[in-house]
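I opened my notebook to record what I looked up in this structure.

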Amino acid sequence: MEASGDRSIAAGGSIGVAISGDNARIVVLPAEAVHWAETIQAPPGAGFLPTSVSGVFVGREQELTDLRRMLAGEGSAAVVQARVQAIHGLGGVGKSALALHYAGRYRDAYTLVWWISAESSEAIVTGLAGLAMRLCPQWAEAVGLDERAAWAIRWLQAHPGWLLIFDNVENPIHLRPYLGTLHRGHHLATSRKATGWHALAPTTALGLLPLDQAADLLCTLAFQHRPPTDGEGAAARELAGVLGCLPLALEQAGAYAHETGTDLDTYRQSLGLVLDHAAEGIDPERTIARIWDHTITAISDRDPLAVTLLQSTAWLAPNDIPRTLLACLVPDPIALSNALGVLHAYNMIAFTDDRQGVSVHRLVQTVLRTRITPEPNMWAPGRCEAEGAVAKALLGLAEEAVPELHEHWDRLLPHVVALAESTPPESLTSPETVAAYHHAAQYLHRQGRDAHTISLRTVAAAQCGRALGENHPHTLTYRHNLAGAYKAAGDLKRAISLYETTLADSERELGGTHPDTLESRNDLAAALLDAGDLERAIPLFETTFAQRVQVLGGTHLATLISLNNLASAYGQVGDLEQVITLFETTLATFEKVMGGTHPRTITCRSNLANTYRDAGDLGRAIPLLETTLSQRVAVLGDIHPDTLASRNTLAATYALAGDLERAIPLFETTLSQRVAVLDDIHPDTLDSRNNLAFAYAVAGDPGRAIPLLETTVGQRVAVLGDVHPGTLDSRNNLAFAYAAAGDLGRAISLFEAILAQRVQVLGDTHPSTLLTRSALAVVRREAQSKEK
């Protein structure tokens, strides 16, 4: 028999079966079967669950409690994915595990617990038929599937207190005949779909595991009978975060690590290669990759465009992907909405609160990026579309920090950066995409955020070199810009190495006095100066200044920048009178040529103020620093790195003048801003932390000063090196704090070590060396006085 069309009926055969077009079956049972259905009682503990409930199960206590309350109060519930952290649920979030453990925990409260695989209406009928075979085999063995299912329905209608679990419901409408007919027990359904339940049952949102519980689950599975070491615990937390705290992925990772002896860091680094590997005890079809394969197949059957969109999002940042960016792929708004609706229905994306963006679980992205290996010279699935969308979205956005464009840039930038960072090795990249990376990097550069451009500039330089040649002028420019990004990020070792290579190539290809060559020479000198290598920096600055005067003229901006840099370098060797004269002359020229509030003029003014301070002339230094700070706030903004530098310098000068009431709050503000804008271990952040700690020490608060300085010393050693001037400054401040706390022995030992290092690095007469020698003498006298 067949039936076609909604509510149509086909009937026939002597057993009286009718099948309707909406898949509901009507079966006429013989009187004997009906009698057994009404009189047979389920044996104690009867039921069927697909696996043991004694396995590892972490967390979910609140979910189990809520589910019990819902079922006990309303009789039916559907467990779907939750909106947790803007990420809707996925296959593998633990829906079936929650249902299984609910059944195990409350089994004694039910007369019967029966598990039904519910991917289709036929599968539901098969599951119900199994119930008849369990309770009435003497009759069920002799009849067909439909009769067995009909008997099970009659039994459920006649007996109260049972629990039916419909697992992995693909289409909620398939449950309608059962939820309406069977009312004497509880129904619990699990589903990948978040939609379609409103007319059938209330839903319980199931979220991802909290990070601590996710790490505990990983450790329990990976290390079994022993507690993890501190390093293993930290690796578990990091891997759990990368896995997005998705329970099935955690189970897969823990079981794999235990079976193979693989450490969790190695698993994390090889994630794309192991997501489809099932360790012993895990169904090969229940790996994360296989489960999502089934989901993607179902999505493709409904709307192939939705799969294209999903594959494209795999290469972008996981959160807040703007609709405007996706519209570059699907200009028809109806088609875009329909495709996103299908992805949302299957919990593969979540909408942002304003519905103008979507989010994708980062593990979904990993699977999509690594599931298919493209042929040589072919695009990975979705990659071409993602690059095209980004390039198109950036067209027309000015690189300048135009206020009305900030919102557009801020929303697009994470996806441009993610696209660059996810570039497969040796992949194809279009010229339009390289231009988009450069465009975005220049926008960040104008905002003073060069440290955030490394991934963009790395890909742009590599792709330009591949397309135009390693020594093409465009390639040299991109490589020079990448070196500047390393310098801004505090990675002076790589910055200097790349500057040196680029300078040598520029000299060979462009000539020794070409403006681009002079720029490379100047910036190499600046990086060397930051690294404390004055012996190489000063001659380079002097050469560059002389060449720029000759080639560009004495009042060219680049020439004035060289003069400013040269004066700063002279200031670090202690010739302050010469430096003050040089800065005053340079500032006057800057003001005449560039104007009083040009960023370069403000930088020169700031350098002059710093030199006044270093020379002990605080009366001239502080007003000039206050002016510089207010100008930078007005011209560059409140959190531009140069503004933060002015705020830090002004706070340090207040402290030097003994005005700690103004210095400490300013230091604290600057430190928090630098952590947010730059990084926790950026050299400028370390400078702020060092200055704040020293201010605490001067204020008589060694309890706050010493731990902060010890942390800063360790960070500066790791970032800058053991004998960098910044590291020595922090060590000197720590020695001072020990002395202020009365720990003179440690203070003397540390001052002696610092003095030896400063003599070696800076020379015997450098102001910093003299300062350390003076402090050491004072502490020694104090120690001798106490001994007497």
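The notes below cover a sheet, a helix and some backbone angles.

**Ground rules.** I am reading a predicted model, where local features need pLDDT of at least 70, side-chain atom pairs count only at pLDDT 80 or more, and totals for chains, interfaces and linings use all residues. Residues are numbered from 1 along each chain as its sequence is written, and side-chain values use heavy atoms, leaving out hydrogens and water.

**Sheet.** I took helices (H or I, at least four residues) and strands (E, at least two) as DSSP runs, numbered from the N terminus. Two strands pair if DSSP finds at least two bridges between them. I found an open sheet of three strands, in the order 10-12-11, with antiparallel pairing. Strand 10 (321-322) and strand 11 (350-351) are at the edges with a single partner strand each, so one side of each has no neighbour in the sheet. Ala 350 has Ser 359 in strand 12 as its bridge partner.

**Helix 28.** This helix, residues 599-614, has 16 residues. How many of them are buried (under 20% relative accessible area, 1.4 Å probe, protein chains only; exposed is over 50%, partly exposed in between)? I counted twelve of the 16. Among them are Ile 602, Leu 608 and Tyr 612. The cover includes helix 27 (576-593) and helix 29 (618-636). Just after helix 28, Gly 616 has a positive phi of about 90°.

**Phi.** Most residues other than glycine have a negative phi. Asp 320 is not a glycine, yet its phi is positive, about 55°. Asp 320 sits in the loop between helix 14 (304-313) and strand 10. Asp 320 is partly exposed, at 26% relative accessibility.

How values were computed. The expected span of a helix is 1.5 Å times one less than its number of residues. Contact means heavy atoms within 4.5 Å.
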